[in-house]
Amino acid sequence: MLNFGKPHPNQTFVVVIFEKDLVNFSYKPHEYLKDKTVCIIGTVKIYKGMAEFIVKEENEIVIQ
């Protein structure tokens, strides 16, 4: 899970990458994307009152 805005539990929104989808990445997202500006391609959903993206593939994250 990647938290944006503020640290958990006060984040603005989250990007969720399930463990089963990590094979679709050439890097470890939680390490490689830290402190980078990114664009997420996908649909925003609300889960427990929080905006989230579920990312399944590397090409859904574009580093700016």
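View 1. Asp-35 is exposed, with a relative accessible area of 75%; exposed means over 50% relative accessible area, buried under 20%, and partly exposed in between, with a 1.4 Å probe and protein chains only. The residue belongs to a predicted model, in which local features need pLDDT of at least 70, side-chain atom pairs count only at pLDDT 80 or more, and totals for chains, interfaces and linings use all residues. Residues are numbered from 1 along each chain as its sequence is written, and side-chain values use heavy atoms, with hydrogens and water left out. Asp-35 sits in the loop between H1 and strand S3 (38–40). Helices (H or I, at least four residues) and strands (E, at least two) are DSSP runs, numbered from the N terminus. The phi angle of Asp-35 is near 65 degrees, a positive value in a residue other than glycine. Most residues other than glycine have a negative phi.

**View 2. Ser-26 and Glu-58.** Ser-26 lies in the loop between strand S2 (13–16) and helix H1 (29–32). With a relative accessible area of 66%, Ser-26 is exposed. Glu-58 is 32 residues away from Ser-26 along the chain, and the C-alpha atoms of the two are separated by 7.6 Å.

**View 3. Surroundings of Gln-11.** Gln-11 is located in the loop between strand S1 (2–4) and S2. This residue counts as buried because its relative accessibility is 9%. Leaving aside residues up to four places away in sequence, Gln-11 touches Asn-3, Phe-4, Lys-6 and Met-50; contact here means heavy atoms within 4.5 Å.

**View 4. The salt bridge of Lys-20 and Asp-21.** One salt bridge is present in the structure, the term meaning a side-chain nitrogen of Lys or Arg within 4 Å of a carboxyl oxygen of Asp or Glu. The side chains of Lys-20 and Asp-21 form a salt bridge with an N to O distance of 3.6 Å. Side chains of opposite charge can pair when their charged atoms come close. Asp-21 is buried at a relative accessible area of 7%, whereas Lys-20 is exposed at 59%.
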